[in-house]
Amino acid sequence: MAGFISPYLNLVRNAFSVIRHNGGITGSIWTLLRAGDLREGTLVGVDQFGNKYFENKKYFYARHRWVEFGDKQKSWWEPDASQIPPEWHRWMHCIGEHPPTEVPLTNPKFKQEHRINFSGNSRQNYVPYTTTPPKIESWQPPKNTPS
């Protein structure tokens, strides 16, 4: 009988651990509404925008690293992948094994400060303009002059 109940006890124990890690019942509900799943892991680092990066090797590959977006850049309800700086993007996609908190990257001369992509959702978006004249010009009706 004990062998039958043991996996269920572990399941309940893990569920309480995940709920505790996500900030209790209310924090877990907010995390479910925002991210869609509950996870438990170790905090690896925080970037300059307030994003928190976690890792848990128990999850399968490509789901074992994740980010909880901070609220310094965009709306709390609209997380965007462009909010992740390049050095953390490298770690998130398993290009490098060590996070930038352990092994910082070299900064080349041409590196600019990271900005998120504002296209389509704000007044700061980039709107290109044309530098070539149109090949076909639209027809303008003749203006009738009153006599």
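Aromatic pairs, a hairpin and a pocket

Modeller: In this predicted model, Y53, W88 and W91 form one aromatic cluster. A search of the whole structure finds four aromatic pairs.

Colleague: Why is the pair of F54 and W66 called stacked?

Modeller: The ring centres of F54 and W66 are 5.8 Å apart and the planes meet at 15 degrees. Rings pair if their centres lie within 6.5 Å, and planes under 30 degrees apart count as stacked, so F54 and W66 are a stacked pair.

Colleague: Which parts of the chain does the pair link?

Modeller: Distant ones: F54 belongs to strand β2 (residues 52–55) and W66 to strand β3 (residues 65–68), with the two residues 12 apart. Both F54 and W66 are buried.

Colleague: What makes the pair of Y59 and W66 tilted?

Modeller: The centres of Y59 and W66 are 5.8 Å apart, with 55 degrees between the planes. Stacked needs under 30 degrees and edge-to-face needs over 60, and the rest count as tilted; the angle for Y59 and W66 therefore makes the pair tilted.

Colleague: How do you know that W66 is buried?

Modeller: Its relative accessibility is 8%. Buried means under 20%, so W66 qualifies.

Colleague: Why is Y59 counted as partly exposed?

Modeller: Y59 has 28% relative accessibility. Partly exposed lies between the buried limit of 20% and the exposed limit of 50%, so Y59 falls in that class. For the chain, buried residues make up 27% of the 147 residues.

Colleague: How do you know that strand β1 (residues 42–46) pairs with β2?

Modeller: Four bridges join β1 to β2, and the two run antiparallel. At least two bridges are needed for strands to pair, so β1 and β2 pair. V46 has K52 in β2 as its bridge partner. The hairpin of β1 and β2 has five residues between the strands, and G50 in this hairpin takes a positive phi near 90 degrees.

Colleague: Where do these strands come in the order of elements?

Modeller: The chain has three helices and three strands, and along the sequence the pattern is α-α-β-β-β-α.

Colleague: What is the volume of the largest pocket, and which residues are closest to its centre?

Modeller: The volume is about 540 Å³. Of the 21 lining residues, R34, A35, V67, E68 and F69 are the closest to the centre. The elements that give two or more residues to this lining are α2 (24–35) and β3.

Colleague: What is the make-up of that lining by class?

Modeller: The lining of the largest pocket has nine nonpolar, eight charged and four polar residues.

Key
Residues are numbered from 1 along each chain as its sequence is written. This is a predicted model: local features need pLDDT of at least 70, side-chain atom pairs count only at pLDDT 80 or more; totals for chains, interfaces and linings use all residues. Side-chain values use heavy atoms; hydrogens and water are left out. Rings of Phe, Tyr and Trp (its six-membered ring) pair if their centres lie within 6.5 Å; planes under 30 degrees apart count as stacked, over 60 as edge-to-face and the rest as tilted. Buried means under 20% relative accessible area, exposed over 50%, partly exposed in between (1.4 Å probe, protein chains only). On a 1 Å grid over the protein atoms alone, a cavity is a set of points where a 1.4 Å probe fits but cannot get out, and a pocket is an open set with protein on both sides within 12 Å along at least five of seven lines; lining residues have an atom within 4 Å of a point. Grid points are joined across faces, edges and corners, and a volume is the space filled by probe spheres set on the points. Ala, Val, Leu, Ile, Met, Phe, Trp, Tyr, Cys and Pro count as nonpolar, Asp, Glu, Lys and Arg as charged, and the others, Gly among them, as polar.
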